[in-house]
Amino acid sequence: MVIDERPKVMDEKPKWYVLHTISGYENVAKQNLEMVVKKNGLEDRVFDIICPEEEVIETKDSGKQVVVKQKVLPTYLLVRMIYGDDIWHRIVGTRGITGFVGPKGRPLELTEQEIMQMRLETPKVDTSLQPTDTVEIMGGPFDKVTGTVLEIDAENSKAKVSVEMFGRTTPIDVDLDQIRKIG
């Protein structure tokens, strides 16, 4: 008979928490935490580790515009997990992570409003969009840009939209709640 020696967790529902990392080492800290989770068999407790990034348009010295990824929250990682005191030391002891964001270094879960603002959990969108529909993108670097739907991924609430960018047609991935049908 196998006995689970882990202390009982107060809440069995995963929640989002914020981890503070060493500046410039967000991706390294994320990889290290993923290894700690795998090594210690915590896949049933730690579900998502995100280093939030967004695409922005930068103009290079030559005047050429390029799309680059930029960190939305430098020095922070977002983690969806079932927290327990038994894994606190493993997480804060991970190389590159300096601790949880919260009172006295103890985790403080994100509110529903914060989760929705950061789009960590996208609500399922019921849409009648079809390929070839003309849409307008709302928000992000492509705000108010129109394009044509190429494909819909309803399961992940995403769409591939063809837009005119830098004088050529380019497919981009957008969330379904970021587009609206026009015409």
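A residue counts as buried when its relative accessible area is under 20%, a cut-off that is applied below to a predicted model.

**View 1. Pro 107 in the loop between strand E6 and helix H3.** Because its relative accessibility is 17%, Pro 107 counts as buried. The loop that holds Pro 107 runs between E6 and helix H3, the latter spanning 112-117. Leaving aside neighbours within four places in sequence, Pro 107 is in contact with Tyr 17, Tyr 83, Trp 88, Phe 100 and Val 101. Although Pro 107 and Val 18 are 89 residues apart in sequence, their C-alpha atoms are 7.4 Å apart in space.

**View 2. The largest nonpolar core and the contacts of Leu 33.** This core has 19 residues, of which Leu 19, Leu 33, Val 46, Met 81 and Phe 100 touch the most other members. Two or more residues come from each of strand E1 (15-21), helix H1 (26-39), E2, E5, helix H2 (85-92) and strand E6 (97-100), and H2, with four residues, gives the most to this core. When residues up to four places away in sequence are not counted, Leu 33 touches Leu 19, Ile 49, Val 79, Ile 91, Thr 94 and Ile 97.

**View 3. A second, separate nonpolar core.** This second core consists of 13 residues, among them Val 135, Ala 159, Val 163 and Ile 172.

**View 4. Thr 75 in the loop between strands E4 and E5.** The loop that carries Thr 75 lies between strand E4, at 65-71, and strand E5, at 76-81. With a relative accessibility of 15%, Thr 75 counts as buried. Its contacts, not counting residues up to four places away in sequence, are Leu 19, His 20, Thr 21, Ser 23 and Glu 26.

**View 5. The largest pocket and its lining.** The space in the largest pocket amounts to about 1100 Å³. It is lined by 33 residues, and those closest to the pocket centre are Glu 53, Glu 54, Arg 119, Lys 158 and Asp 175. Sorted by class, the lining comprises 13 nonpolar, seven polar and 13 charged residues. At least two lining residues are supplied by each of strand E2 (46-50), strand E3 (53-59), E5 and strand E10 (168-175), and E10 gives the most to the lining, with four residues.

Definitions and conventions:
Residues numbered from 1 in each chain as written. Predicted model: local features only at pLDDT ≥ 70, side-chain atom pairs only at ≥ 80, totals over all residues. Heavy atoms only, no water. Buried < 20%, exposed > 50% of the residue type's maximum accessible area, 1.4 Å probe, protein only. Contact = heavy atoms within 4.5 Å. 1 Å grid on protein atoms, 1.4 Å probe; cavity = no way out; pocket = protein on both sides within 12 Å on 5 of 7 lines; lining within 4 Å. Points joined across faces, edges and corners; volume = space filled by probe spheres on them. Nonpolar A, V, L, I, M, F, W, Y, C, P; charged D, E, K, R; others polar. Core = buried A, V, L, I, M, F, W, Y, C linked by side-chain atoms within 4.5 Å.
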